[in-house]
Structure formats: C-alpha cells, structure tokens
Amino acid sequence: MRRVSENPPARFPDRPIAESDPPWCIAHVKPRMEKALADDCIKESIEYYLPMITKVTRRKDNNKPRKSVLPLFPGYLSFCGNKETFHTLYRTGRIATIIQIRYQKRF
C-alpha cells in the first residue's frame with residue numbers, strides 16, 4: 001500500500017488542460033491499475049489526467065484513521081496522445097481497451 005505522499009499527481013505535466021494538444025482518449029484499465037498506469041505515463045512522458053479523492057476510514061480494532069487516495073472514476077484514465085502512444089500504453093499490460101473521444105472540445 002502506498003503512502004499518501006507516494007501517489008502519482010492527478011495531472012501530468014502540471015499545466016492547464018486547455019493548453020494540452022488533442023486528441024484526448026480514455027484508457028479503460030484492468031482492475032486497480034489506474035495509479036500504476038499513471039506512473040508508467042510519467043516514465044514515458046505521456047500527458048494524463050487522473051482525478052483522485054482522499055477517503056478516510058477508521059480501523060475497527062483501535063479506531064485510528066486510515067487515509068486512502070482513490071481514483072474518482074475507478075477503471076479509467078484520460079490521456080493525450082496518438083497511435084504511437086496507444087502502442088506504448090498497450091505494452092504495459094495494464095489496459096483493457098482505449099476509448100477515442102469524438103467531440104474533443106466538449107470533452
């Protein structure tokens with residue numbers, strides 16, 4: 001389990017989404033692989049967006065709080081790229097399918 005500080009950033013690189021180069025796509029990832037794919041995107045310098053929330057639960061045995069950072073949309077990661085990017089991400093073995101966005105401006 002990762003510490004809260006060890007999680008990947010929600011946005012890579014850190015700049016407004018409006019400044020990114022389309023096309024944007026959505027990767028439908030295998031179960032619990034969102035953050036691992038985000039780490040792979042950072043290594044390959046692929047632009048992505050993975051919104052996350054912090055969930056606090058309490059342990060049953062001693063009532064101490066436990067923080068978890070979870071994806072807002074489990075199973076999905078948005079990324080910016082072309083066919084070469086698709087092949088790079090498929091090689092990680094973490095993606096089930098890639099969904100291409102038709103209406104880029106609306107997305």
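1. R106 sits over the face of Y103, 5.0 Å from the ring centre; the criterion is NZ of Lys or CZ of Arg within 6 Å of the ring centre and within 35 degrees of the ring normal. The model is predicted, with local features requiring pLDDT of at least 70 and side-chain atom pairs pLDDT 80 or more, while totals for chains, interfaces and linings use all residues. Residues are numbered from 1 along each chain as its sequence is written, and side-chain values use heavy atoms, without hydrogens and water.

2. Two aromatic pairs are counted, where rings of Phe, Tyr and Trp (its six-membered ring) pair if their centres lie within 6.5 Å, and planes under 30 degrees apart are stacked, over 60 edge-to-face and the rest tilted. The F12 and Y48 rings have centres 6.2 Å apart and planes at 20°, so this pair is stacked. Because F12 belongs to strand 1 (residues 11-12) and Y48 to strand 3 (residues 48-49), the pair ties together parts 36 residues apart in sequence; strands are DSSP runs (E, at least two residues) numbered from the N terminus.

3. F12 is partly exposed at 22% relative accessibility, whereas Y48 is buried at 0% (buried: under 20% relative accessible area; exposed: over 50%; partly exposed: in between; 1.4 Å probe, protein chains only).

4. F79 and F86 form an edge-to-face pair, 6.0 Å centre to centre with 85° between the planes. F79 is buried at 0% relative accessibility, and F86 is buried at 10%.

5. L72 lies in the loop between strand 5 (65-71) and strand 6 (76-80) and is partly exposed, at 43% relative accessibility.

How values were computed:
Helix = DSSP H or I, 4+ residues; strand = E, 2+ residues; numbered from the N terminus.
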